Amino acid sequence: MTTATPSPVTERAAALVADRRPAAEALGRGLAELVADPPAFAAALHDGLAALADPEYLEGERRIAPGIGDLHGVRWPLIEAVRRGFREATRRERSSGWLEIADRLLRERELEAHWFAFGLLERLVDDDTERAWQLLRRASRGAGDWITVDSLAHPVGKGVLDEPYRWAELEQLVYSPSRWERRLVGSTIATMPFIDRRRGRLPDVAAHGLGLIGDLIGDDEPDVQKALAWALRSMAGVDREATTAFLDAEAERAALSADGHRAWVIRDALVKLDAADGDRIRARLDGIRRRGGAPATSRAAGIASRFGDGILGRPVPEPPLT
């Protein structure tokens, strides 16, 4: 067995992260001293992240997420190091006041501030549940890229696991006119087994998750399709038998109507099934491919079209934070 030699790009990235990690953790610890002053907190985070930025990484982020908003260009391990420093410094502190900080950070121009706020909201989902959920919903409505959506999935999934009635709120998002809110449904389902390895792997998670995927499969947006396939791979780890039955049924639908949108999602999920099941379903889809411009075939798209533009897709506005 041979070990691949890291590329010069990888070596440079690793060296940069190692060099700047102490500063990132120190930034997080310093932020803990500013929790009573949200404007000062936001300003310190902004300046600290700007100092940690890497122009090469910024270019890469813009390449893999076209159309993404303003960024500093801070590598994810360094963002995590800032979070870790803050978390360790506030481990014994009450989270009162954090809601105002999260609110302020979600209004910042650079997206790294939003991603840091998601970490605050993940704890606030326990401590100030309803108001934290309001901010999570605001963030989902404003999301415009897959990196933000997939980062948001972790606190959203924790909120659903904590209060299972919030599955109904994910059900509303399958009708959203925003592909990013629809992607959030798949990303949240995909993430839940890893948020809490006990509650996230209960049979109810697979039952609810497969139901929502069943509403969205056939969506015509590649960003949504990727999240649905990711969710199906996760659900196979929760309930492989139910996921296999689901994929069997959906493959039959795709084959009967030559549905390339549905077939793409199914194929991308098969790697997590037993090999024999995967081969059988893959053979059923032979020759069925996505076609550019083909309309969505999902149940959610069909229902939304019958009710007119946005009647189901526009969520009820959240009340103001108080």
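Mentor: Start with a term. A helix here is a DSSP run of H or I at least four residues long, and helices are numbered from the N terminus. Keep in mind that this is a predicted model.

Now the cavities. There are two of 30 Å³ or more. A cavity is a space where a 1.4 Å probe fits but cannot get out.

Take the largest cavity. It holds about 60 Å³ of space. Its lining is made of W133, L136, R137, S140, V156, E169, L170, L173 and L184. α7 gives the most, with four. Sort the lining by class, and you get six nonpolar, one polar and two charged residues.

Next, the second largest cavity. About 30 Å³ of space lies in it. Here the lining is A42, L45, H46, L49, H72, L105, E108, E110 and A113. Helix α2 (residues 38–52) provides the largest share, four residues. By class, the lining divides into five nonpolar, two polar and two charged.

E108 is buried, with 19% relative accessibility. The cut-off for buried is under 20%. R104 is partly exposed, at 32%. E110 is buried, at 7%. R109, in contrast, is exposed, at 59%.

Other salt bridges share partners. They join D126, K158, D162, D196 and R199 into one network. Across the whole structure, the search finds 34 salt bridges.

Now compare an open space. The largest pocket has a volume of about 520 Å³. It is lined by 20 residues, and the closest to its centre are E80, R83, R87, G119 and E122. Three helices, α4, α6 (111–127) and α8 (146–162), each supply at least two lining residues. α6 gives the most, with six. Seven of the lining residues are charged, eight are nonpolar and five are polar.

Two of the residues closest to the centre of the pocket, E80 and R83, are also bonded to each other. Their side chains form a salt bridge of 2.8 Å, N to O. Both sit in helix α4 (residues 76–89), three residues apart, which puts about one helical turn between them. An α-helix has 3.6 residues a turn, so residues three or four places apart point the same way. R83 is buried, with a relative accessible area of 16%. E80 is partly exposed, at 31%.

Stay with the interior and move to helix α12 (residues 222–238). It has 17 residues. From first C-alpha to last it reaches 25 Å, close to the 24 Å expected at 1.5 Å a residue. Twelve of its 17 residues are buried, so the helix is largely enclosed by the rest of the structure. Those buried residues are D223, V224, Q225, A227, L228, A229, A231, L232, S234, M235, A236 and V238. What covers them? The cover includes α8, α10 (179–195), α11 (203–216), α13 and α14. Note α8 on that list: it also supplies at least two residues to the lining of the largest pocket.

A258 is in the loop between α13 (240–257) and α14 (260–269). A258 has a positive phi of about 50 degrees, although it is not a glycine. Its relative accessible area is 37%, which makes A258 partly exposed.

How values were computed: Residues are numbered from 1 along each chain as its sequence is written. This is a predicted model: local features need pLDDT of at least 70, side-chain atom pairs count only at pLDDT 80 or more; totals for chains, interfaces and linings use all residues. Side-chain values use heavy atoms; hydrogens and water are left out. A salt bridge is a side-chain nitrogen of Lys or Arg within 4 Å of a carboxyl oxygen of Asp or Glu. Buried means under 20% relative accessible area, exposed over 50%, partly exposed in between (1.4 Å probe, protein chains only). On a 1 Å grid over the protein atoms alone, a cavity is a set of points where a 1.4 Å probe fits but cannot get out, and a pocket is an open set with protein on both sides within 12 Å along at least five of seven lines; lining residues have an atom within 4 Å of a point. Grid points are joined across faces, edges and corners, and a volume is the space filled by probe spheres set on the points. Ala, Val, Leu, Ile, Met, Phe, Trp, Tyr, Cys and Pro count as nonpolar, Asp, Glu, Lys and Arg as charged, and the others, Gly among them, as polar. The expected span of a helix is 1.5 Å times one less than its number of residues. Contact means heavy atoms within 4.5 Å.
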